[in-house]
Amino acid sequence: MIIALLASVPVAVSLYRHYADKPVALQIAVICEMAVIVLLLLPTGGMDSPFKWYALNPLMVASELLSAWFAWSLLVSYIGVLGAVFYIFLNLELKNVPAFAFQNSGLIAALVVVVVAMQMIGGLLRELDRANERTDETLDHIKSIYHIVETASHHELMNIGQIIADCVVKLTKLPKAFFWFAPRPGEVTPASRQTGWNQAEEAQLFARMEQHLEEWRRNDEPFYRGIEGFGDFLFMPVRMNTRFVGVIGVRLEAEGKMEVNRWLAQQLILLQELSSIILERHELAVTENRLTIINEQNRIADEMHDSVSQSLFGIVYAAHSLKQTWRELPEEELEEQIDLIKDSATMVAKELRKTIHSLSSKKSGGQNWLGTVRSHLSTISRLNGVEIDFKVSGDDYGLPYHYQKALFRIISETTGNAIRHGKAKLVRVEMALRPEVIKLSVTDNGTGFDMESAAAKETEGGLGMPNMHYLTQSLGGEISISSSIGVGTQVELSIPVGVLANK
């Protein structure tokens, strides 16, 4: 009997594990185990059998994994079946039932305590699971917020609509969302973007949105509205301090489209606030850059006026005077005047050269962009004990600022991933700067990763790879990432120069 019971243990455990997420099958398994225990008591001494305590196991399983009513029903059924079995098969008289119950009160009390205790433990475990889910949800929100802010800060606002639309889908778990920017006459408007529709549907959707522009302007809170041919949506107007910007929208599923979903509205409010902050920051940055340029232009103009302009005026005046009197001057005095004009012109040339040198890091020998990249790579190389081989062909002179910023971010992201995730000891960074195209290759000897699982994580909200894709695409370029476990990772990208200016 004992050998048979020992052999049944792994079978019962595997069954419970297999059916843990299938309530009906689990209930059947628990009932079957309880029935076997009741039958086991008959040949082993009845209520004097030690196997009567085996009922604790199915009761604990039922109390933790199944509903409370089922656990209590199982307990009552077990006690009732025991009484019926002994009444029928052991000729238990009715007048002896109280004595029977009193004799087994310890068993009954223990079973009741176990059911109560396991239900409390099960409740705590379920609450812990819910807390873990909320924690995971909060972490997803934090990652999405980081994704939005980090990516948007390096894109010159070109892909903010797509970034927000993607994050709406990730946060709400709904398949279709968009960020529509209201047109601004006489100004460049960021492109409206969507997730979940094809290009033809996108054009129709945004055309419908523009037809209701005045209605969108009048709303400040999340609201529900249907769009003909596209279904019902939850909309969130996006406003800056000074004006209406556009609308974030998410398409509702059919089964719950008319229900007020407070949680969903909260997600859109959060994204609306983030969008407003990003847009405000972008406009402030643009204004700051313009003011910086204006101040620099004024400084240069003042320097030119105070030194070069005055000197040139003196040269012009001297040349004009010499033209009028050169025939009357002795040859020695004429040569003296010409030498004076030549010396003044030489001094002006020096002043110009000094001004140009002070403005150009390339000519003055100051820190240029490539020097900044080298310094950054050298720092992380020393801090992490990793060899970073940086090779450059071509010149960064004249490379637009937004290209410099995007390339620096991509180089930092790829080398950081190679060290932090790939545990690489050698990273090779090769960059070719040409007037028409920029080529960048980053290769490491790290652990590598599985491309399919990485793509799944990217869909679930990964940060590094989407950032690099967004940065490259925002400049009209292409990026390819290849890796396999144990081999390392290679990132290659090609960015045409001048595409943004042509657009």
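Helices in these legends are DSSP runs of H or I with at least four residues, numbered from the N terminus. The model shown is predicted.

**View 1. A nonpolar surface patch around W72.** Three residues, W72, V116 and M120, make up a nonpolar patch on the surface. Together they present about 270 Å² of accessible area. W72 is located in helix α4, formed by residues 68-89. With a relative accessibility of 31%, W72 counts as partly exposed.

View 2. Seven salt bridges are counted in the model. In one of these, the side chains of E215 and R225 meet at 2.8 Å, N to O. This pair links distant parts of the chain, with E215 in helix α9 (residues 213-217) and R225 in strand β3 (residues 223-227), 10 residues apart. E215 has a relative accessible area of 22% and is therefore partly exposed. R225 is likewise partly exposed, with a relative accessible area of 25%.

**View 3. A network of salt bridges.** D389, K391 and R428 are joined in a network of salt bridges. Within this group, the side chains of K391 and D389 form a salt bridge with an N to O distance of 3.9 Å. K391 has a relative accessible area of 46%, which means that this residue is partly exposed.

View 4. The side chains of R409 and E413 meet in a salt bridge of 3.0 Å, N to O. Both R409 and E413 are buried. The two residues lie four residues apart in helix α14 (residues 401-420), so about one helical turn separates R409 from E413.

**View 5. The surroundings of V373.** V373 is placed in helix α13, which covers residues 369-384. Its relative accessibility is 1%, and V373 therefore counts as buried. Leaving aside residues up to four places away in sequence, V373 touches F390, F408 and I411. The C-alpha atom of V373 is separated by 9.9 Å from that of R409, a residue 36 positions apart from V373 along the chain.

**View 6. A positive phi at K173.** Most residues other than glycine have a negative phi. K173 is not a glycine, yet its phi is positive, at about 65°. This lysine is found in the loop between α7 (160-172) and β1 (177-181). K173 has a relative accessible area of 64% and is therefore exposed.

**View 7. A positive phi at K423.** K423, a residue other than glycine, has a positive phi near 55°. The residue sits in the loop between α14 and β7 (426-433). Its relative accessible area is 57%, so K423 is exposed.

Methods: Residues are numbered from 1 along each chain as its sequence is written. This is a predicted model: local features need pLDDT of at least 70, side-chain atom pairs count only at pLDDT 80 or more; totals for chains, interfaces and linings use all residues. Side-chain values use heavy atoms; hydrogens and water are left out. A salt bridge is a side-chain nitrogen of Lys or Arg within 4 Å of a carboxyl oxygen of Asp or Glu. Buried means under 20% relative accessible area, exposed over 50%, partly exposed in between (1.4 Å probe, protein chains only). Contact means heavy atoms within 4.5 Å. Patches are made of residues with over 30% relative accessible area and no salt bridge: like charges are joined within 9 Å, nonpolar side chains (Val, Leu, Ile, Met, Phe, Trp, Tyr) within 5 Å. Accessible areas come from the Shrake-Rupley method with a 1.4 Å probe; for residues, only the protein chains shown count as cover.
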